[in-house]
Amino acid sequence: DGDQPMLIKLDQIPEEGVRLTQTEPSEILGLEEDLVFRAEGPVRCELYAQVVDGTLVVRGAVSAEVRAHCARCSQIFSTTVNDSGFLRDYSDILEVEEVDLTEGLREAILLNLPHFPLCDEGCKGLCVQCGKELNEGPCGCSDGDKRGAWEALDNLNL
């Protein structure tokens, strides 16, 4: 694809290191076809890069706004995904002029996506019987109706 990679030119890093603040296009996350998450804005980077003993060390914070489907109620909500402890080192840099950080930034965000995204910690989800969104109030089903799809297993004798 035509996305520009996040490159650090090694000859532009002073001995004491350099601070880098930039944004990268959301396309570097590759979430265009994802069923749960969508990138909502650019990937923001606040990084510090330094060459130490022939190794490029990059540390700092990476964040991105994403939209997600709540795992309980299926509503779409927005959240910020952060990696405030971003740390990567790139060795074998003697023969190269620049280092591409794109994959490391992508990985930092993807690894910090919530495994069970919730629009709110107190989300009540959907009624298993009628499908009503319970955050909007109770549904008309009786408590006996709400045992759900696993009810048959309650009577299983092994």
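Five salt bridges are present in the predicted model. One of them joins Glu98 and Lys9, whose closest N and O atoms are 2.8 Å apart. Glu98 belongs to strand β6 and Lys9 to strand β1 (residues 7–9), so this pair ties together parts of the chain that are 89 residues apart in sequence. Both partners are partly exposed: the relative accessible area is 34% for Glu98 and 39% for Lys9.

The side chains of Arg67 and Glu40 meet in a salt bridge with an N to O distance of 3.7 Å. Because Arg67 lies in strand β4 and Glu40 in strand β3, the pair connects parts that are 27 residues apart in sequence. Arg67 has a relative accessibility of 32% and counts as partly exposed, and Glu40, at 40%, is likewise classed as partly exposed. A salt bridge is also formed by Glu65 and Arg44, with the closest N and O atoms 3.6 Å apart. Here Glu65 is placed in strand β4 and Arg44 in strand β3, so that parts 21 residues apart in sequence are tied together. Glu65 is partly exposed, with a relative accessible area of 26%, and Arg44 counts as partly exposed at 30%.

Strand β4 also contains Ser63. In contrast to the partly exposed Glu65, Ser63 counts as buried, at 12% relative accessibility. Apart from its neighbours within four places in sequence, Ser63 is in contact with Pro42, Val43 and Arg44, with Thr80, Val81 and Asn82, and with Ile109.

With regard to cysteine pairing, the structure holds 0 disulfides. Cys127 is in no disulfide, and the nearest cysteine sulfur, that of Cys139, is 3.6 Å away. The sulfur of Cys139 in turn has that of Cys127 as its closest cysteine sulfur, and the separation of 3.6 Å is too far for a bond, given that a disulfide requires sulfur atoms within 2.5 Å. Both residues are buried, Cys127 at 4% relative accessibility and Cys139 at 14%.

A nonpolar patch on the surface is formed by Leu153, Leu156 and Leu158, which together have about 400 Å² of accessible area. Of these residues, Leu156 lies in the segment after α2 (151–154).

The protein averages a pLDDT of 87, and 91% of the residues score at least 70. Among the elements, β4 has the highest confidence, at 95, whereas α2 has the lowest, at a mean of 70. Where pLDDT is low, the predicted coordinates should not be read in detail. The strand of highest confidence, β4, is the one that holds Ser63.

Note on methods: Residues numbered from 1 in each chain as written. Predicted model: local features only at pLDDT ≥ 70, side-chain atom pairs only at ≥ 80, totals over all residues. Heavy atoms only, no water. Patch = residues over 30% accessible without salt bridge, like charges linked within 9 Å, V, L, I, M, F, W, Y side chains within 5 Å. Areas by Shrake-Rupley, 256 points an atom, 1.4 Å probe, with all protein chains shown as cover. Salt bridge = Lys/Arg side-chain N within 4 Å of Asp/Glu carboxyl O. Helix = DSSP H or I, 4+ residues; strand = E, 2+ residues; numbered from the N terminus. Buried < 20%, exposed > 50% of the residue type's maximum accessible area, 1.4 Å probe, protein only. pLDDT = per-residue confidence, 0-100. Contact = heavy atoms within 4.5 Å.
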